[in-house]
Each structure stands twice: as structure tokens, then as C-alpha cells.
Amino acid sequence: MKEVKGLKIGNVHLEYLENNDDVYFYNPANQRMVHGNRETLTFLKNYHQTNEKVKEVDHFLYGKKKLNPLHIKILQFEIKSQWMDKLVSIIQQKRFKYFFITIIFIFFIMVPFVFEKAYLYYVTGAYQFKWYHLLYIFLAQLLIVQLHEFGHYLTYRKYVRTKTARFGVMIRYFFIPLFYTNVNYMRTLQKKQRIRILLSGVITQLFTGGILSIAYILAENNLILYLYMINIMIIVMNIIPFLRMDGYWLINLFINSDDYMNSFIQFIFKRKQIQFLELLFAIVNIVLILFVIIIGTVLAYSEMKEIGNWIKNMF
């Protein structure tokens, strides 16, 4: 297991991970990460004691957070990893693994049955949807997404020991709200390990789907049916190889690319070589990003217009 260590330079607290001769440094204050070597580590350990100042180093230590309008991080919170250790020890037990696999198996068995029920309720209009059900669904959706992210972290924790687990909320492409897990050092792991981490979120949702299937069989509560379908929708969203979802990073691993969108940018502006599959996925991804932005803008304008009319009618 790789271990993340701490490094204090003046009043700045850094993290770093040694991977053979490479060293990866992360600054939690501005969420910047740099790649160096052991000489870089030695230099940083003595940096505060020397009069020699380097602009790039100062920028890493004291610079502001990088701002990307397409990926706006609006909230980040931390949990001490010691609280996660018990969960990691539980999921590594054979009994839990057998239970986990059984529930996932139930999920796949129940998919045709649940989809048939959902279709019947849709075409017959048998279920009366209440406004307060939206609150239940919203809260359940938050829980499902959090379980998804915990799934990522718990698998990541098997390979990388950190003192702090970091999660957050971001807005992607102006209109897509997302939770995320900070897995900075995943790039230092083997390909199989990275694939397991990326798949673990969806696998956790398959487990959640199995629990919801059992709950629906026992209670036949149609609100559970809604939650089940929302869980399915989130799974589908995460496995598509676009929009920087889990599937995006998985397809990068399968086509031996670090980031096909970055390769596309390098190809356009610096005329660097690009794989055909990188180019193909990048073009489709750009189309989808534009689609999200256009549809989101139209819907937002429509909603604002309705709110404006409602205010006018009030007065």
C-alpha cells in the first residue's frame, strides 16, 4: 500500500506520495498538484530555510486555486481517514463480500420485473405522484450519489493510505451538479487498480439497486420504484465515456490515453500527434458538452421567464 506523507513549508501544509523515483505533491489549500522527483522533495524540505526563491514554487505554495468555468468546485469537506478504516476492514471480510455479491446478483435478476412494473405504472397512470415525494427523491438521490463516491474512496483506500478523505460538490458545464471524491494519487497505481476504483462507484450503486429491489418486493411502495429508476439513471450517466464521468476515465485507460480531451487540445493548438480514437471521442464529447450547455440555457431561460410572469401576476 502506498502512503501519503505530510510536508510543512512555513505555514503551508503539503501532502506528497513517493512512487519509485517520482514524487507527487498536493497543496490542499489551493488544490494544486505537481509532479517531481526526490531532488524536488529535498529542495522543498529546505525551501523555507533558503533565500533562493523560485516563482513557480511560490505559485504552487501560495497561489490561488485554479479556476475552470467548466468545472466549478463550490464546496469541499474533509473526513479523517481513521473513521473510514473500520469500513475498509468490514468490506474486506469474506462474509461481507459474499453478501455484497449476492445483493448485486439479486439486482440483475430483478431488473426485468422492476422495469415491467415501472412501464405499467407509466402507461396506466396508476400511481398518484405527490409534490412532497420530490423531497424524498431529492434526499435519496443525494444519498445514492454519496454512496457512489464512498464506493470510490473505499476502494482507493485499499491502495493509498491517506490521513484525510476529501469529498466535494461541483458544477460541471454550468448546469450539471456533481459530487466528487479526491483521488489525487490514483495516477500512481497500476491499471487494474485504477479500473477497480473507477468501477467501484457503479458497483456500489448495483448493490444499492439490489437493496431497493428487495425493499420493493417486500413493501410494493411505488416511491421505492422511483428511487430504483433514479439509481439506474445515475448508473447510466456514470458509465458513458463522455462529460468527464467515470466512463470517461475508464475509456481513457482502455485506449491507453491519459486524457483524450487534453490530447485533442494539444493536437489543435500545438499540433501534437493524437490517436484516432482520442480524436473520435473528443469530437463526440464536445458535441455533448455543447448540447448540455444549450439545453441548460434554454431550460434556465424558460424557468426565469415563468418566474417573472408569476411575479408580475402577483402585483
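Student: What counts as a salt bridge?

Tutor: A salt bridge is a side-chain nitrogen of Lys or Arg within 4 Å of a carboxyl oxygen of Asp or Glu. In this predicted model, a search of the whole structure turns up five salt bridges.

Student: Which side chain meets that of K5 in a salt bridge, and at what N to O distance?

Tutor: That of E18, at 3.4 Å from N to O. E18 belongs to strand β3 (residues 12-19) and K5 to strand β2 (residues 5-9), so the pair joins distant parts of the chain, 13 residues apart. K5, E18 and R38 are also linked in a network of salt bridges.

Student: Which residue forms a salt bridge with E15?

Tutor: R166, with the closest N and O atoms 2.9 Å apart. Because E15 lies in strand β3 and R166 in strand β8 (residues 164-172), the pair ties together parts that are 151 residues apart in sequence. Both E15 and R166 are buried; for R166 the relative accessible area is 6%.

Student: What is the N to O distance in the salt bridge between E78 and R166?

Tutor: The distance is 3.1 Å. E78 sits in strand β6 (residues 71-80) and R166 in strand β8, so this pair ties together parts 88 residues apart in sequence. E78 is partly exposed, at 47% relative accessibility, whereas R166 is buried.

Student: In what order do the strands of the open sheet run?

Tutor: Strands of a sheet pair through backbone hydrogen bonds, either parallel or antiparallel. Here three strands form an open sheet in the order β6-β8-β9, with antiparallel pairing. β6 and β9 (176-181) are at the edges, each with a single partner strand, so one side of each has no neighbour in the sheet. From one strand to the next, the twist averages 15°.

Student: How many bridges pair β8 and β9?

Tutor: Six, in the antiparallel sense. F167 stands opposite T181 in β9. Helix α3 packs on the sheet and touches β6 and β8; its direction makes about 80° with that of β6.

Student: Where is confidence lowest, and where is it highest?

Tutor: The lowest is in helix α3 (residues 82-91), with a mean of 77, and the highest in helix α8 (residues 246-254), at 96. Over the protein chain, the mean pLDDT is 89, and 97% of the residues reach 70 or more.

Note on methods:
Residues numbered from 1 in each chain as written. Heavy atoms only, no water. Helix = DSSP H or I, 4+ residues; strand = E, 2+ residues; numbered from the N terminus. Buried < 20%, exposed > 50% of the residue type's maximum accessible area, 1.4 Å probe, protein only. pLDDT = per-residue confidence, 0-100. Pairing = 2+ DSSP bridges. Axes fitted to C-alpha atoms, helices over the stretch in contact; angles between N-to-C directions. Contact = heavy atoms within 4.5 Å.
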